[in-house]
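Please look over the sequence and the structure shown below before reading on. The briefing that follows is grouped by topic, so that each point can be checked against the picture.

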Amino acid sequence: MSDAPSRAANAPLMSTSVSGLRTALGTFAREHLPEVMVPTRFVILDTLPKLPNGKVDRSRLPLGDPSEPSTTAHVAPATPEELRLAQLWQEVLGVGRVGVEDSFFDLGGDSVAAAQMAARVKEAFGVAPAMRRFFERPTIAELVRMIGAKTGGTSAHGASPRSLASEDLWAEASLPDDIRIAPGTLPPATAPYRTVLLTGGTGYTGAYLVRELLDRSDARLYVLARAKDAAAALERVRQNLTGYGLWRDADAARLIGVAGDLGRPYFGLTRAEYLTLTREVEVIIHNGAHSSYALPYPRLKAVNVLGTLEVLRLACRERVKPVHFVSSLAVFPGHPGPQHFAEAELTDPTGVMGGYRQTKWVGDKLVSLAGHRGLPVCIYRPGLITGAQDTGACSTDTFLNETMKGCIQLGAALDFNVLLEMVPVDFCARVVAHVALSGQRHGTAFHLPGARTVRWSELVEMLDECGYPLRRVPYATWYRELSAAVERGDDNALTRFHPLFTEDTPSEDVGYAGSEPHFDTTNLHAALEGSDIRCREVDPAFLRLYLDYFVSTGYLPPPRAQKEGSHARV
């Protein structure tokens, strides 16, 4: 395969041609695609790598080289404001050249770096940028407009939406024609299965899924993980299980690490590695996802949407493989008042807001569409994953946990009337493993809302009982206190989620105030009938177990003895 970019470096005429093609492609994309879907970089090749059957070998397609120019032409900073902001970005990101239309995130930034940058902007200009708007259009040009609007200078332009429009989501939920069961494909194996492929096995829910799959079957378990080789992938799985007290030495004999990337074509595997999976795997549990609420749709699409397509593509090769997809109750829209959601295929994305929610909606829909083409599928929609029922063990890297910690650090709780569906992680894992290993109930969706719905205000009361008293303050007061903590550089857990809050209200990504959803669980109860799988109710005793685990790991400080009247109500 020839390398056009590297050869162009030594051929000025070719370099000009390649640059012109990139510019033309970028212009065409901006004219025909929503702004959030325009690629930031094109890779130009003389020829496409091919498989023996003549199709494109997607596993050999190169990734974009950050050193190559992006589709956005470099626009050097010129005004004093642009020059100062470019300097701040260079200091925060540790990069060289910065253009006024460059994306902060394409230069290597993340939500934490964005918060640090915002604090420096406030110090330099006396103006705090609106971070939710910055996440929508993360450029120096947009920062200059924001600063000008707040200081009476340059007028602000309307920001592009963080979320896609509902019609764009319908377009995203389109199943490629090659994802179908071809003639001659072997039929699905019957339970008990000999082999299982798990994605997301190095995450929190993934650790408990590994444990349940090993305990409830004799199958060998392939686990996809980002790593340099199979041994390193297996080591990541072992460390993850060990971290939650779930590892057993005998597990190594049945675990097979797969060094791949859910966000790359064919998982970034070699042809031989990919063919091994197509021939050996009998059932797939797709749990892998990028679950950041703070990022927009395009930043999450590769893993959450394209990764799901890769799973479905694999499921149709060589042998039909049932797919069990771990979705989320976040796929449902929020509206004021009561709503009822059936355990059925999704129908309308209107009102589903935020990058994470929308990518999960699209993934959920794609799995259903694959089911219409004859692929055996099951969809599981859990609520907010919380601590294990026996030990309280839980990941710290969830929005709910970071919100609780952030409020504890502030000593204040935001006033936000939202309902929480808190689901113990081991219950979720047991349900998925139980149904998936049975080989039955294909074509079914299951809701896992938890044993009891908890209001945010009720959770705050339980935190009080557990020794973490919080002041109840109006939302605007809480937001000012959080913003001040972020600007001071405090190590507040909500720093990276700061863009999800505005002066007036939390973003809809956070939750839908005033919405009272009811989630049907008929299918779930039918699947669990006769089993010993139960969901523990979230009450002060369970929450205390959960918090004690966080204290033992150093994530939270020890609770204070609650005193009479120790918190003020405003």
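Predicted model: local features only at pLDDT ≥ 70, side-chain atom pairs only at ≥ 80, totals over all residues.

**Overview**

Of its 570 residues, 52% count as buried. Among the contacts in the chain with a separation of 6 or more, 77% are accounted for by residues 24 or more positions apart.

- Seven strands form an open sheet in the order 3-2-1-4-5-7-12, and the pairing between them is parallel.
- Strand 3 (255-259) and strand 12 (444-448) stand at the edges with a single partner strand each, so one side of each is left without a neighbour in the sheet.
- From one strand to the next, the twist averages 15 degrees.
- Strands of a sheet pair through backbone hydrogen bonds, and this pairing may be either parallel or antiparallel.
- Strand 1 (residues 195-199) pairs with strand 4 (residues 283-286) in the parallel sense over four bridges, and within this pair the bridge partner of valine 196 is valine 283 in strand 4.
- Helix 8 (residues 204-215) packs on the sheet, where it touches strand 1, strand 2 (220-225), strand 3 and strand 4, and its direction makes about 170 degrees with that of strand 1.
- Helix 9 (residues 230-243) also packs on the sheet, touching strand 2 and strand 3, and its direction makes about 120 degrees with that of strand 3.

- Strand 7 (residues 377-382) and strand 12 pair in the parallel sense over five bridges, and arginine 381 stands opposite histidine 447 in strand 12.
- Strand 12 is mostly covered, since five of its five residues are buried.
- In a regular strand the side chains alternate between the two faces of the sheet.
- In strand 12 both faces are covered, with Thr444, Phe446 and Leu448 buried on one side and Ala445 and His447 buried on the other.

**Two helices in contact**

- Helix 13 (residues 399-410) and helix 15 (residues 456-465) pack at an angle of about 55 degrees, with their axes 12 Å apart, and the two helices are therefore oblique to each other.
- Helix 13 passes helix 15 in a right-handed crossing.
- The contact is made by Leu400, Thr403, Met404 and Cys407 of helix 13, together with Trp456, Leu459 and Leu463 of helix 15.
- The residues of this contact between helix 13 and helix 15 divide into six nonpolar, one polar and no charged.

**A buried lysine**

- Lysine 365 lies in helix 12 (residues 355-372) and has a relative accessible area of 8%, so this lysine is buried.
- Leaving aside residues up to four places away in sequence, lysine 365 touches Trp170, Ala173, Glu345 and Leu346.

**Backbone details in the loops**

- The peptide bond from alanine 191 to proline 192 is cis, with omega near 5 degrees, and proline 192 has its place in the loop between helix 7 (166-172) and strand 1.
- Tyrosine 266, found in the loop between strand 3 and helix 10 (271-280), has a positive phi of about 55 degrees although it is not a glycine.
- With a relative accessible area of 14%, tyrosine 266 is buried.
- Glutamate 318, found in the loop between helix 11 (297-315) and strand 5 (323-326), has a phi near 65 degrees, which is a positive value in a residue other than glycine.
- Glutamate 318 counts as partly exposed, at 39% relative accessibility.

Key:
Residues numbered from 1 in each chain as written. Heavy atoms only, no water. Pairing = 2+ DSSP bridges. Axes fitted to C-alpha atoms, helices over the stretch in contact; angles between N-to-C directions. Contact = heavy atoms within 4.5 Å. Parallel < 35°, antiparallel > 145°, perpendicular 65-115°, else oblique. Left-handed = near helix turned anticlockwise from the far one by under 90°. Nonpolar A, V, L, I, M, F, W, Y, C, P; charged D, E, K, R; others polar. Buried < 20%, exposed > 50% of the residue type's maximum accessible area, 1.4 Å probe, protein only.
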